Amino acid sequence: MKHIVILGAGTAGTIMANRLCRRYRNEIKCEALRITIVDQERNHLYRPGLLFLPFGIYQPTDLVRRQVDCLPKQVNRIESGIERVSSATNEVVLSDGRKLSYDVLIIATGTQVAPDETDGLTGAGWGERMFEFYTLDGAVALADVLERWEGGRLVINIVDMPITCPVAPLEFAFLADWYFTERGIRDKVDITYVTPLDSAFTKETCAKALTHLLTEKGVRLVTDFNAGSVDGPNGRLVSWDDRVVGFDLLVSVPLHMGAEFIRHTPGLGDDQRFVMVDQRTLQARLKPNIFGIGDAIDVPVSKAGSAAHFEAEILEHNIGRYLDDSPLEHRFDGHVNCFIETGFKKALLIDFNYNVEPLPGKFPLSGIGPFPLLEESRLNHAGKLLFRWIYWYLLLPGRHIPGTSTHMSMRGKRPLPRTPDTPAGPRPRQHLPTQVA
Amino acid sequence: MTALSQISIAGKTVDVDGEGYMQRPEQWDRSIAQEMAEEVGIEELTPRHWQVVEFMRKRFLEAGSAPSIRALGKESGVPIKELYLLFPKAPAKLAARIAGIPKPRGCI
């Protein structure tokens, strides 16, 4: 009997369990194949909702379901932590010492935030004037404070890349602008977005289309800022090169790392514990019978639920090919799409992959849309909220979402004008980092 | 696609994006690195500079993206404070430019 073991029952792991149980329903019935999924939590959290929770738009109960209700009946579920993977013997060692043998291993254990990796962030002031919204507890604590906050300097900082949902910190800034406007105290709040990147919008098409949003919403920008330490009592965020941003309330997006057990498995993950895989086939570099998916892997694509959704179809086919001893043919193209909340009941939609930047146009159909790309609209905001339904009933069960395709389609998009082959000429001007205001 | 153009540097023609970051790392060589460094105010590339540049290229070729400053600080053998001395103000970005790899970017 073949045994497929999935580590992690978040978005990616749950989709894979549903897809593989459907693909192999006959083999499972006649006991030629067994699928096991391991996770230490009882509940499944709808992570996109964590952005809205601090602003009272969602409550915790809106975002949480039991894992067992999201998984197929045919999967064997084990609620346990993971100690390590023994790739040489094809075994997973659980926290209690139990061993699981596998023929194929899928690592879908996602990311976790590590605020204690930044000096001072979890010291004095943590939970009082320094927060994060990437965990349920963190988002709930922040909601409590925002409700009572009377104003001051709000600083949103990304410690380093990569992070899950790279636009969420910017969305937070836009939502904060809306939230404090609704509360009538916007003039008492100073919002600053502090990023290690060299701009808020690093892709050319996005910069052209969206930079105006920062000015319109009164969001200050500090770039090329690599946070080295936080002084909570004095409200100072300090970079490695000693630049300072003062704050009264700091919303940090802490350093992201992969699951702990990856550190105990030599050769499996990089220094941030992301599983090293082939970015097209999703097969681990360590061994051919190990695969990865979702936030847990080191591919140069956004860590987003939509990436996991598109990766899942590729991975399902490649696992099928692997079990048949055939070459892995299916290739992930880096496809990601997402709705970006911009506040005041509007959002914008972007759709892109490894090779194509977010482009303007209509999604999914040319001309008809209905969702405008790279443009604010109320329909996109409705789409973002509707997405919660799509998540539970279409995405997690591994179903096709109407209007979308696994590989990014150029349908409806307006490509960039082609740059003519110019003769080799003078160098373009350098862009030096922005000074702190 | 990012809008591409070609430039002439150290006697070679290479593909760059709108900000002058190389898009095809295989077109790079050390003389290009020297010239890029001079353009951003680094007169001479010392062995410590090369250690960082070589690490960046290796990591990019393995993982498809430039390492973050933290990864650089931890894994290149050159600590973060020193990275700021070698590549002033924006080490991860400057080192990427000199190493002939695409600039570190977000998703938007």
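1. Helix contact in chain B. B:Val52, B:Val53 and B:Met56 of H2(B) meet B:Ala95, B:Ala96 and B:Ile98 of H5(B). Contact here requires C-beta atoms, placed from the backbone, within 7 Å. By class, the residues of this contact are six nonpolar, no polar and no charged. Nonpolar covers Ala, Val, Leu, Ile, Met, Phe, Trp, Tyr, Cys and Pro; charged covers Asp, Glu, Lys and Arg; the others, Gly among them, are polar.

2. Basis of the model. This is a predicted model: local features need pLDDT of at least 70, side-chain atom pairs count only at pLDDT 80 or more, and totals for chains, interfaces and linings use all residues. Residues are numbered from 1 along each chain as its sequence is written, while chains are lettered from A and ligands numbered from 1 in the order in which they are written.

3. Helix geometry. H2(B) spans residues 47-63 and H5(B) spans residues 91-98. They pack at about 80 degrees, with axes 9 Å apart. The two helices are therefore roughly perpendicular (65 to 115 degrees; under 35 is roughly parallel, over 145 roughly antiparallel, the rest oblique). Axes are lines fitted to C-alpha atoms, for helices over the stretch in contact, and angles run from 0 to 180 degrees between N-to-C directions. Helices (H or I, at least four residues) and strands (E, at least two) are DSSP runs, numbered from the N terminus.

4. Sheet S15-S16-S17, chain A. This open sheet has three strands in that order, paired antiparallel. Pairing needs at least two DSSP bridges between two strands. S15 (227-231) and S17 (244-246) of chain A are at the edges, each with a single partner strand, so one side of each lacks a neighbour in the sheet. Neighbouring strands are turned by 20 degrees on average, direction ignored. Four bridges link S15(A) to S16(A), residues 236-239. A:Val230 is opposite A:Leu237 in S16(A).

5. Sheet S6-S7-S8, chain A. Here, too, three strands make an open, antiparallel sheet. Its edge strands, S6 (82-86) and S8 (99-101) of chain A, each pair on one side only. The twist averages 20 degrees from one strand to the next. S7(A), residues 91-94, is joined to S8(A) by three bridges. A:Val92 has A:Leu100 as its bridge partner in S8(A).

6. Interface. Chain B contributes 34 residues to the contact, chain A 40. On the chain B side, the elements giving two or more residues are S1 (5-9), H3 (69-75) and H4 (80-86) of chain B. H3(B) gives the most, with five. That side has 14 nonpolar, 11 polar and nine charged residues.

Technical notes
Contact = placed C-beta atoms within 7 Å.
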